[in-house]
Amino acid sequence: MAGIIFLVMIILLLLGFPMMIPLIVGAIVGFYEIFHGIGKMDFMVQQFMAGIRPASLIAVPMFIFAADIMTRGQSAGRLIEMVMRFIGHIKGGLAVSTATACTLFGAVSGSTQATVVAVGSPLRPRMLQAGYKDSFILALIINSSDIAFLIPPSIGMIIYGVVSNTSISELFIAGIGPGLLILVLFSIYSVIYAYVYEVPVEPKASWSERLVAVQRAVWPLGFPVIIVGGIYGGVFSPTEAAAVCVLYALVLEVIVFRSLSPADIYKTAKSTGLITGVVFILVAAGAAFSWVISFARIPQELLETIGVADMSQMGVLFVISISFFIGCMFVDPIVVILVLVPIFAPVVKSVGLDPVLVGTIITLQVAIGSATPPFGCDIFTAIAVFRKPYADVVRGTPPFVLILLCVAVLLIFFPQIALFFRDLAFN
């Protein structure tokens, strides 16, 4: 049965169908084989509905909506301007500013695609004018945007938390340490690149200009305060924080900045609805597909073949890291989380691993795979946004992927990189 399911899915993928179709068809084939006909297809529908029933998933469309509002409004631009005023003048400062702006916007949106658009669109022309190679610029934007997977609010962490029944609040806090470490390493590499290629520096902003930039960015900086501060202080759950973010974004862009009209809000809501529909179809199909492969004992047989049950905690973490890294090179991150997390969940529990640490490592691997050839989803986002050929977009990615892989290894050997803030906040 497993061979038939995966053969059908591969054929559909090769024919160019979006990932939701192979997942749905794979689930249908699985239920047909298990129950020997279509008589129990109502049970499949129940599995679909069970996948999107958890209340925590309500946070996903709200964070997407808030990110869309900020991207269309002035919040993103004000954050970029503030970062540029403070570090744009140092050697490699424009590249460091880009990485920092991606991190900041990721901390208020949780969406890598929104970060690519919001930060990459205004800063790429400026970096080209400053003398950076386009291959470096594209790689920097793509990989820095993936820090949004780790810095709260992370949509990937929400999905993982729902699938694995892990505290989303703890996952959010645990992602801060690895996200900041990646930003520091990207910044160091950017400075080295600027010295090697003798990239000129930007004019230094005066303190009055910096003060003005900070004043303009004060309101957008309220987003991470709401999300992290609210969750850390026990004021909000992640879902409640998402709702407050939407309200805050609407107040800022409609009333304070007056950058969006009611018609713009309607268009933004419509766009969010379309994206949310795709995400929830993936989640529902993934839940049904996961039930099929679990019922057929495919995960157990696969893990027994690999010998995961006899491995140490560190060995299990390496197997998980490799599996998610490879999976996200070919398939949408949400699908990989939905399919692989239930497979590894029993092993994680049996060897006594902290599910929050595992979730942070999985989220990091998802981030790496999303920006890694051949089919990393953020690569194709950049191709669409910047209208550049595939080869140009991926040419500069290897150094950044290497940095990300180093952080992944460090996270396995030094778990306190992720767990320090979690333990500080919740213990």
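**Helix packing and salt bridges**

Helices H4 and H14 cross with a left-handed sense (the near helix is turned anticlockwise from the far one by less than a right angle; clockwise would be right-handed). The model is predicted, so that local features need pLDDT of at least 70 and side-chain atom pairs count only at pLDDT 80 or more, whereas totals for chains, interfaces and linings use all residues. Residues are numbered from 1 along each chain as its sequence is written, and side-chain values use heavy atoms, with hydrogens and water left out.

H4 spans residues 59–72 and H14 residues 238–256; their axes are 8 Å apart and the packing angle is about 20°. Helices are DSSP runs (H or I, at least four residues), numbered from the N terminus, and axes are lines fitted to C-alpha atoms over the stretch in contact, with angles from 0 to 180 degrees between N-to-C directions. H4 is therefore roughly parallel to H14 (angles under 35 degrees). Contact (heavy atoms within 4.5 Å) involves residues of H4 including Met62, Phe63, Phe65 and Ile69, and residues of H14 including Ala242, Cys245, Val246 and Leu250. By class, this contact has 15 nonpolar, 1 polar and 1 charged residues (Ala, Val, Leu, Ile, Met, Phe, Trp, Tyr, Cys and Pro count as nonpolar, Asp, Glu, Lys and Arg as charged, and the others as polar).

Serine 145 is placed in helix H8 (residues 134–145). Its relative accessibility is 0%, so serine 145 counts as buried (under 20% relative accessible area; exposed is over 50% and partly exposed in between, with a 1.4 Å probe and protein chains only). Beyond neighbours within four places in sequence, serine 145 contacts Cys102, Thr112, Thr115 and Val116.

The structure contains 10 salt bridges (a side-chain nitrogen of Lys or Arg within 4 Å of a carboxyl oxygen of Asp or Glu). One of them joins arginine 126 and glutamate 202, at 3.4 Å from N to O. Arginine 126 is in helix H7 (residues 112–130) and glutamate 202 in the loop between H11 and H12, 76 residues apart. Arginine 126 is partly exposed at 38%, and glutamate 202 is buried at 18%.

Aspartate 134 and lysine 388 also form a salt bridge, at 3.4 Å. Aspartate 134 lies in H8 and lysine 388 in the loop between H20 and H21, 254 residues apart. Aspartate 134 is buried at 17%; lysine 388 is partly exposed at 22%.

In a further salt bridge, the closest N and O atoms of arginine 422 and glutamate 170 are 3.1 Å apart. Arginine 422 is in H23 and glutamate 170 in H10, so this pair ties together parts 252 residues apart in sequence. Salt bridges with shared partners join Arg124, Asp134, Lys388, Asp392 and Arg395 into one network.

Terms used. Helices (H or I, at least four residues) and strands (E, at least two) are DSSP runs, numbered from the N terminus. Angles under 35 degrees count as roughly parallel, over 145 as roughly antiparallel, 65 to 115 as roughly perpendicular and the rest as oblique.
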